[in-house]
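Please keep the sequence and the model in view while reading.

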Amino acid sequence: MADIQKIVEELSQLTVLEAAELATALEEAWGVSAAAAVAVAAPAGGGDAGAAAEEKDEFDVILTGDGGKKIQVIKEVRAITGLGLADAKALVEGAPKAVKEGVNKAEAEEIKKKIEEAGGTVELK
């Protein structure tokens, strides 16, 4: 599983041109069409040109406070992040701190909802 995550991280760093070249190479090597993969990769890489400035597609979920319910918020942060007790406690006590970074809007909203239900306060950036 760690190898897959490493591949995903490396592929995420490709430029649009590199992604297109990779798609072509895979198409030739495996005899399959990678047109859909290139279409998905193009907006992500080309977003820096200003088009993505209109609508943000990656968010950082920032815990801004525990709302006086530190234990419940620590439990929720642990469930969301997979952190151990000491790390989750340090994150909550060190607020404002990022709980998750670079997540899509739906996931960011879901995390925000869970933390707020536990009593914490959250900001999406």
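A residue counts as buried under 20% relative accessible area, as exposed over 50%, and as partly exposed in between (1.4 Å probe, protein chains only). The model is predicted, so local features need pLDDT of at least 70 and side-chain atom pairs count only at pLDDT 80 or more, while totals for chains, interfaces and linings use all residues. Residues are numbered from 1 along each chain as its sequence is written, and side-chain values use heavy atoms, with hydrogens and water left out.

**Surface patches**

- Patches are made of residues with over 30% relative accessible area and no salt bridge; like charges are joined within 9 Å, and nonpolar side chains (Val, Leu, Ile, Met, Phe, Trp, Tyr) within 5 Å.
- E109, E110, E116 and E117 form a patch of negative charge on the surface; Asp and Glu count as negative, Lys and Arg as positive, and His and the chain ends are not counted. The place of a charge is taken as NZ of Lys, CZ of Arg, CG of Asp or CD of Glu.
- E109 belongs to helix α6 (residues 105-118) and is partly exposed, because its relative accessibility is 38%.
- A nonpolar surface patch consists of I7, L11, L22, L26 and W30, which together have about 480 Å² of accessible area (Shrake-Rupley method, 1.4 Å probe; for residues, only the protein chains shown count as cover).
- The elements giving two or more residues to this nonpolar patch are α1 (2-12) and α2; α2 gives the most, with three.

**Helix α2**

- Helices are DSSP runs (H or I, at least four residues), as are strands (E, at least two), numbered from the N terminus.
- The expected span of a helix is 1.5 Å times one less than its number of residues. For the 15 residues of α2 (residues 16-30) this gives 21 Å, which agrees with the 21 Å between its end C-alpha atoms.
- L22 is found in α2 and is partly exposed, because its relative accessibility is 31%.
- G31 follows α2 and has a positive phi, near 70 degrees.

**Salt bridges**

- The structure holds four salt bridges, each a side-chain nitrogen of Lys or Arg within 4 Å of a carboxyl oxygen of Asp or Glu.
- E93 and K70 meet in a salt bridge at 2.9 Å, N to O. E93 lies in helix α5 (residues 85-93) and K70 in helix α4, so the pair ties together parts 23 residues apart in sequence.
- K70, K89 and E93 are linked in a salt-bridge network.
- In another salt bridge, between E107 and K100, the closest N and O atoms are 3.6 Å apart.
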